Amino acid sequence: MAMQATPVRRVGMIGAGWVTGYHLPAWARQRHRAEIVAIADPSTEAAGRRAAEFGIPQVYGSAEEMLDAGRLDAVDICSPRETHAAMVRLAAGRQLDILCQKPLGTDFAEAEAVVAGVAPPARLMVHENWRFRAYYRRLKQWLDQGAAGDIRQASFEFLSSGMIAGPDGSRPALVRQPFFRTQRRLLVMEVLIHHLDTLRYLLGELEIVAARLERSTDTIVAEDVAAVVLRRPEDGLVVTVTGNLAAHGAPPMPRDHLRLFGTCGTIELLGSALSLRGVETRDEAFDPDATYQGSYDAAIGHFLDGLDTGHAFETAPDDNLRTLRLVEEIYRLSRFDPAAEPR
């Protein structure tokens with residue numbers, strides 16, 4: 001007896017901004033399982049450009065209008081984070097499956113309330129793609145193999161000069177992502193949230209010990225400098241995280257620098273180069289552009305795998321809330337005031 005083919009899922013995209021330039025190629029690679037059939041954005045011009053570029057048949061000026069048109073199986077929420085909670089509630093109310101860009105809310109309380117309101121048959125996955133980067137998947141394999149022994153210390157740096165004004169007065173980070181100017185939670189909520197989630201993926205659950213946030217320029221509202229100390233409760237492992245978007249001598253485009261110091265070796269990720277030094281020596285290089293796009297491909301593929309099989313999502317809402325708790329604790333401990341003048 002021939003097996004019945006699984007119908008191709010009809011997906012609507014909410015938002016047509018910068019990040020959709022990575023989501024849409026990832027969906028295109030899954031065309032045998034899913035198809036973006038509609039896109040909605042308050043700027044129908046922006047939505048129209050994405051539709052023309054990726055062959056999306058329907059364009060709408062609002063998510064409500066798109067969902068009212070019906071005939072969708074799932075949505076991919078790529079709109080600004082201030083809209084995430086409302087968009088998740090809207091889609092969950094239509095019993096659609098939901099993939100939502102991180103974070104689920106503007107703070108932990110909002111995200112927790114959103115998660116509590118999503119009920120079957122709707123399923124929700126957070127699009128937290130950093131941990132899906134190929135070098136982090138390989139690093140996790142090395143850890144699981146015990147290649148470095150027991151990890152005793154960990155250090156994570158994310159440094160950039162992108163917030164430093166150039167000769168023409170422009171700041172590369174703001175040219176690339178202009179919305180950074182007005183965010184009231186910037187470096188931790190927008191960027192380091194990825195690193196906190198990745199550290200949880202690699203090392204297990206962590207807690208915040210201390211945090212300090214600063215703002216380097218009054219061109220922005222929120223923090224662009226962060227120093228965080230974390231601890232793994234089970235054994236006291238200390239993890240330090242340093243983020244700085246105004247670091248002189250750093251490249252404008254930031255890169256991850258993670259070092260894990262173990263009893264048998266040190267694992268280091270510098271940009272897209274992964275190495276192990278100690279009892280054993282390993283080196284592996286990754287193509288940075290392919291790895292970046294590949295993380296979107298892998299996250300969206302994982303979403304569809306979960307829908308196909310019914311298995312739990314790796315970045316399920318309950319898991320992502322644990323990352324958001326860390327974010328919230330950093331802001332609480334730092335007592336950072338967006339209204340204060342920069343130093």
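I take a helix axis as a line fitted to C-alpha atoms over the stretch in contact, and the angle between two axes as the one between their N-to-C directions. The model I am looking at is predicted.

**Entry 1: helix 1 and helix 9**

I looked up helix 1 (residues 20-28) and helix 9 (residues 288-309), and found that their axes come within 8 Å and cross at roughly 55°. An angle that lies between 35 and 65 degrees counts as oblique, so helix 1 is oblique to helix 9. I noted the crossing of helix 1 and helix 9 as right-handed. On the helix 1 side I listed the residues in contact, among them Tyr22, Pro25 and Trp27; the residues they meet in helix 9 include Tyr296, Ile300 and Phe303.

**Entry 2: helix 6 and helix 8**

Helix 6 and helix 8 pack at an angle of about 30°, and their axes are 9 Å apart. Angles under 35 degrees count as roughly parallel, and therefore I put helix 6 and helix 8 down as roughly parallel to each other. Tyr136, Arg137, Leu139, Lys140 and Leu143 are the residues of helix 6 in this contact, and they meet Thr198, Tyr201 and Leu202 of helix 8.

I then picked out one residue. Is lysine 140 buried or exposed? Lysine 140 sits in helix 6, and its relative accessible area is 18%. Buried means under 20%, so lysine 140 is buried. With neighbours within four places in sequence left aside, I found lysine 140 in contact with Tyr201 and Leu202.

I traced an open sheet of eight strands with mixed pairing, in the order 8-9-10-7-11-12-13-14. Its edge strands are strand 8 (207-214) and strand 14 (282-285), each of which pairs on one side only. On average, neighbouring strands of this sheet are turned by 10° against each other, direction ignored.

Strand 13 (residues 273-278) runs antiparallel to strand 14, with four bridges between them. Leucine 274 stands opposite glutamate 284 in strand 14.

I also asked what lies on the sheet. Helix 6 (residues 134-144) lies across strand 7, strand 11, strand 12, strand 13 and strand 14, and runs at about 20° to strand 13. Helix 10 (residues 317-334) packs on the sheet too, touching strand 8 and strand 9 (225-231), with its direction at about 60° to that of strand 8.

**Entry 3: helix 10**

I counted 18 residues in helix 10, with 26 Å from the first C-alpha to the last; this is close to the 26 Å expected at 1.5 Å a residue. Which residues of helix 10 are buried? They are Pro317, Asp319, Asn320, Leu321, Thr323, Leu324, Leu326, Val327, Ile330, Tyr331 and Ser334. I looked for their surroundings and found that these buried residues pack against helix 5 (108-116), strand 6 (124-127), helix 8 (187-203), strand 8 and strand 9.

**Entry 4: backbone exceptions**

Most residues other than glycine have a negative phi, and most peptide bonds are trans. I went through the exceptions below.

Arginine 335 lies in the segment after helix 10, and its phi is positive, near 55°. Its relative accessibility is 74%; exposed means over 50%, so arginine 335 counts as exposed.

Glutamine 95 is in the loop between helix 4 (84-93) and strand 5, and has a positive phi near 60°. I noted glutamine 95 as exposed because its relative accessible area is 52%.

Proline 121 is in the loop between helix 5 and strand 6; the bond to it from proline 120 is cis, with omega near 10°.

Key
Residues are numbered from 1 along each chain as its sequence is written. This is a predicted model: local features need pLDDT of at least 70, side-chain atom pairs count only at pLDDT 80 or more; totals for chains, interfaces and linings use all residues. Side-chain values use heavy atoms; hydrogens and water are left out. Two strands pair if DSSP finds at least two bridges between them. Helices (H or I, at least four residues) and strands (E, at least two) are DSSP runs, numbered from the N terminus. Axes are lines fitted to C-alpha atoms, for helices over the stretch in contact, and angles run from 0 to 180 degrees between N-to-C directions. Contact means heavy atoms within 4.5 Å. The expected span of a helix is 1.5 Å times one less than its number of residues. Buried means under 20% relative accessible area, exposed over 50%, partly exposed in between (1.4 Å probe, protein chains only). Angles under 35 degrees count as roughly parallel, over 145 as roughly antiparallel, 65 to 115 as roughly perpendicular and the rest as oblique. A crossing is left-handed if the near helix is turned anticlockwise from the far one by less than a right angle, and right-handed if clockwise.
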